[in-house]
Protein chains: 6
Amino acid sequence: MYELGVVYRSIARADGQVADKLGEYGSATVHEAMGRTGLMKPYMRPVYPRAQASGTAVTVLLQPGDNWMMHVVAEQIRPGDIVVAAVTADCTDGYFGDLLATSFQARGAKALIIDGGVRDVRVLEQMRFPVWSKAISAKGTIKATLGSVNIPVVCAGALVNPGDVVVADDDGVVIVPAATAAQTLDKAAAREANEVQKRAKLASGVLGLDMYQMREPLQRAGLRYID
Amino acid sequence: MYELGVVYRSIARADGQVADKLGEYGSATVHEAMGRTGLMKPYMRPVYPRAQASGTAVTVLLQPGDNWMMHVVAEQIRPGDIVVAAVTADCTDGYFGDLLATSFQARGAKALIIDGGVRDVRVLEQMRFPVWSKAISAKGTIKATLGSVNIPVVCAGALVNPGDVVVADDDGVVIVPAATAAQTLDKAAAREANEVQKRAKLASGVLGLDMYQMREPLQRAGLRYID
Amino acid sequence: MYELGVVYRSIARADGQVADKLGEYGSATVHEAMGRTGLMKPYMRPVYPRAQASGTAVTVLLQPGDNWMMHVVAEQIRPGDIVVAAVTADCTDGYFGDLLATSFQARGAKALIIDGGVRDVRVLEQMRFPVWSKAISAKGTIKATLGSVNIPVVCAGALVNPGDVVVADDDGVVIVPAATAAQTLDKAAAREANEVQKRAKLASGVLGLDMYQMREPLQRAGLRYID
Amino acid sequence: MYELGVVYRSIARADGQVADKLGEYGSATVHEAMGRTGLMKPYMRPVYPRAQASGTAVTVLLQPGDNWMMHVVAEQIRPGDIVVAAVTADCTDGYFGDLLATSFQARGAKALIIDGGVRDVRVLEQMRFPVWSKAISAKGTIKATLGSVNIPVVCAGALVNPGDVVVADDDGVVIVPAATAAQTLDKAAAREANEVQKRAKLASGVLGLDMYQMREPLQRAGLRYID
Amino acid sequence: MYELGVVYRSIARADGQVADKLGEYGSATVHEAMGRTGLMKPYMRPVYPRAQASGTAVTVLLQPGDNWMMHVVAEQIRPGDIVVAAVTADCTDGYFGDLLATSFQARGAKALIIDGGVRDVRVLEQMRFPVWSKAISAKGTIKATLGSVNIPVVCAGALVNPGDVVVADDDGVVIVPAATAAQTLDKAAAREANEVQKRAKLASGVLGLDMYQMREPLQRAGLRYID
Amino acid sequence: MYELGVVYRSIARADGQVADKLGEYGSATVHEAMGRTGLMKPYMRPVYPRAQASGTAVTVLLQPGDNWMMHVVAEQIRPGDIVVAAVTADCTDGYFGDLLATSFQARGAKALIIDGGVRDVRVLEQMRFPVWSKAISAKGTIKATLGSVNIPVVCAGALVNPGDVVVADDDGVVIVPAATAAQTLDKAAAREANEVQKRAKLASGVLGLDMYQMREPLQRAGLRYID
């Protein structure tokens, strides 16, 4: 499935401003705007609370217990990028720590998304370099086998193409294809505008049953009330 | 097992003051006072640290990936209630977010306990609307299939009848049947009073071995000390 | 595998100052200094954020759902010790709460590492008594069956001999055999000194590819760059 | 939640013939006939392939790592019963082996459903005594703490009242309340009759799309075909 | 990420004879021939022992707890196809049973690969219709929400394009892109030819250490022998 | 914790006849004879049904995704040995397949116990070479990093010293230290002799309540019968 041992240097990144704005709407709204697709598995969690990031994906494929390609992907980072790291097999080793975070941050990376483990999380929080990962583990890795950089990867159940928009926060990680990022932004904006009004109504005590006119379809579906 | 498509409007709630006081003792003490039963599975975790809540249960049965009945249960909430949501199959989707939280809070709900996923956790913390859940996920849900409201449900391994007392904190979620809530409160109070003294003794360096007079039964059970 | 019903009172503890210094380097550095061995499974997590501890191991073997031996081990604690609790079968019950923490702390224990559950985590944080555990659960335990104290135990996948050094923080829990603690400290110090320089270089934008001279071995392994 | 230390000797069992017939339809059909409720979690698996059983539930509540009550429940078994064992906390210990199976079989039990572990599975298969369990484990248990017999229990996520019908096979374990067993049998029979015709049509190449007249609702929902 | 509500009728299938031959080599050999990529997660297991299948992928994207699209994909099956079903969220419901199996088999499908649950496994074995799934569950599903047919899907961690070759057996499920299927077949054949000789040597007592000439590199890596 | 890069050639094996006889009693009886210790985690399962083996342990420590040391351990196998393979981190890769099985079998190995994955399970069954593993996976491994052979290892939660007795069957894997193997055999024999009588009594309808004289202690513990 994967092309191994290759680094693509030229990738078509989504518009950075679109990525920034999608981040403001958050993963839940963006995920809805995409028709409820594009979400990574919920086991992907931020390594410190209230982390938030959005940017353009630079992808890397790692081998289990081997972080050699993390150094290769570092060179391909441009300011505004988020590194998305997939692994060819399940492995919770700590592929990434404070040294690589220093390097990634120096290159302009905004975050790391990794379907594996990371370490030095106390320092990562101090550096404000956010990471979403499957695990936290002090276990180090070797540098022996090639993977690839900037190929399409499957990370935590989501397909990520280099250049796609990544939106990550407390609720999870969503991938927006570069080609539909602008259109998704419009939908997210419309959705959000709509929600402001709804929130005010609900806060005043109006029920969703009435606001969304659900009483009639619920009755039609057979819902019975018993006193 | 479950009666589907039905909403019970009249339920016998446990005494709200008893629920409040049980909350002050916390889930660990209440669980002990019940003979070590009534606890939900430990995978139920608060979505933000140090959340605490107690109240009377309003129950809702959801279908996987479908939050239609959350709007139906909102109407049945009275001040002091905690919504307990069970799902007919394992599913980590985000059934609940900031809009429903706004509605629940406006109706007087004190918390949500859900054997599924929730989203917008950053906003939930800002609103101080505590939720105990199995997962956090940006994944939205549909509104297509009926469940029920205020029927007995099994939530995270515990049987919950509408009106039961719910005690939730960092240590987990305990369900106290309405019929035995007052009696459980007495036992919890006795237990707690007892613990204050014990804590002081242990802090002064007295060993549990001596305080609980365990040396003799341990010896009888065959414990050997080797220098 | 285990000798049951026995308490060893005389154990050879590693040097407490070495344990303190190893703690300053942290679990990730110490784990590397040991050739990437000695780490417990990554499911072992601190019950409150940013907990850190190092000390000498006092071990206890528990039976599932039974914390009787926790009172027995309390008597064997000396200032600077960390209690390491293994269980003969997987069980998430809450074997340890604020009373035992009070007792352990009064005896001079610095932390608890337990391959099971704990409770009263809010109070544990207030007491600043750190615990690394597999689970948090309000579920209490009985006192009916003997285990042992200060025998070698397997805890979360790691072999722990009484007297070994325990280093625990956000990244995990590492066990350093008493016999090699001093030597491991030297290696950790060398490693850390080395990292300060590396960090500065990486922060200035130098790539790991160049700093570690990886370009040539990567090319030899067949890595291809495509524009 | 649970009443501890009590054995109910008189329970109202569902009709044994109804239980037998429900078993012939199998868990999937019965589960559908109940409106898709009553199913235990799918981690409950038969300990040998192609096991099948149905009968009336005799319930037992066990404490973790303790099988004392298994001997108490043995006395309450009548021919045609299936023992349903719940545990107050997650535990994979082997609570049941060839000796208890011999005893249960001698009393007329048809099967065991246990939300825990069992052992001697080779002998269980030779005896043709089917068990559905969460785990297989050689780990033995103690006899120290009381549970209860013939109280309502939550087993693998399903509420089981003594006397309910249990239907278990390769597809899982379904609980049918005694009160609705006859009615569920009628629905299952109707469903099955209906399926015979459908199967023949589908085998002849007719599509479900046409047989269930789905083309029009799919089109209305917006399904588009692209060549 | 996913285009919803769409059915692609024209897909470019890999050569059926190549698919057949790849199946003869088995998933482990094919996976190696692809540079150790393309394997689904190991939680995908056959529902009956010793199942084997290979064919060309017809893909379907399902919504959690909803098998409506299974009827839509049935129409797109051609003899020699294997249906690969992904779900937009984790869900163990039984999306597929004997009726759909009858329909799929009548259309010429050779197997089903599904990142969810199935039921009627006894009948599936009798029909010799093999299925690889994440779970077995009697839990039925609804028909309410659109997914898609013959779009690229991520199934159990692997990217599957319609027309790709699927190789499935006891060891797992491997996806071979249509474009590289012939080339992968050559590599698998070469590998297999090579293994026949190796097997004979090893059976005669020759060590891999000598056959693969590992002694020298092991020594260079620092391996020490101690008597 | 682990000494890396070393192969111990001289190990003290337990008596092979004792190992054979312990195997006849099975893992459950042996585990009981050891005071209910020495059992590996229940996730260790035979790769084909009804596998049974006992022998003397030859240990190997592997690195994640790397099976280089499997070739090194092959040379240390003597007839009657069972290879016990631990991994320094959780990894489900397939470290072992038909070629290595051929080699191990040629050297006289009776089985493999591995806290990781294996492949070619169809062939393993045909060869009657039993394996107990954590996973089955077609995923291959590399040969890049040293582990060790015949050092003490922790495998699936159990400490295994080279030369210990391994007893494995459907119920799990038990490790008996070489030093206490003969004594454990005596206890297992006594236990088994005892069980034959018990089984006959229970088969005749005598209750465990009476046979074990449990009625009085149950009453003392407070058990109440309600009609």
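**Core packing and chain-to-chain symmetry**

The largest nonpolar core in this predicted model holds 131 residues, and the members that touch the most others in it are A:F104 and E:F104.

Turning to how the chains are arranged, chain A goes onto chain C with a turn of 120° and a shift of 0.0 Å along the axis, leaving an RMSD of 0.0 Å. The pair is thus related as by a three-fold rotation axis. Within chain A, A:P49 has the C-alpha nearest that axis, at 5.8 Å.

Chain F and chain C are a separate case. Here a rotation of 180°, again with 0.0 Å of shift along the axis, superposes chain F on chain C at an RMSD of 0.0 Å. That is what a two-fold axis does. On the chain F side, the C-alpha nearest the axis belongs to F:G157, which sits 2.7 Å from it. Both copies use the same surface, with 100% of the contact residues of chain F recurring in chain C.

As for what that surface looks like, 16 residues of chain F are in contact with 16 residues of chain C. Interface size is often quoted as the accessible area lost when the parts come together.

A salt bridge joins the side chains of C:K41 and F:D90, with an N to O distance of 2.7 Å. Residue pairs in polar contact between chain F and chain C number 4, counting pairs with both residues at pLDDT 80 or more. Sorted by class, the side of chain F that touches chain C comes out as 9 nonpolar, 4 polar and 3 charged residues.

Some chain pairs do not meet. Chain A and chain D share no contact, and their closest C-alpha atoms are 13 Å apart. Chain C and chain E likewise have no contact joining them, with closest C-alpha atoms 13 Å apart.

Note on methods: Residues are numbered from 1 along each chain as its sequence is written. Chains are lettered from A and ligands numbered from 1 in the order in which they are written. This is a predicted model: local features need pLDDT of at least 70, side-chain atom pairs count only at pLDDT 80 or more; totals for chains, interfaces and linings use all residues. Side-chain values use heavy atoms; hydrogens and water are left out. Copies are superposed by least squares on the C-alpha atoms of residues with pLDDT of at least 70 in both. Contact means heavy atoms within 4.5 Å. A nonpolar core is a set of buried Ala, Val, Leu, Ile, Met, Phe, Trp, Tyr and Cys residues joined through side-chain atoms within 4.5 Å. Buried means under 20% relative accessible area, exposed over 50%, partly exposed in between (1.4 Å probe, protein chains only). A salt bridge is a side-chain nitrogen of Lys or Arg within 4 Å of a carboxyl oxygen of Asp or Glu. A polar contact is a pair of N or O atoms within 3.5 Å; within protein, one must be able to donate a hydrogen and the other to accept it, and residues adjacent in sequence count only if both atoms are side-chain atoms. Ala, Val, Leu, Ile, Met, Phe, Trp, Tyr, Cys and Pro count as nonpolar, Asp, Glu, Lys and Arg as charged, and the others, Gly among them, as polar.
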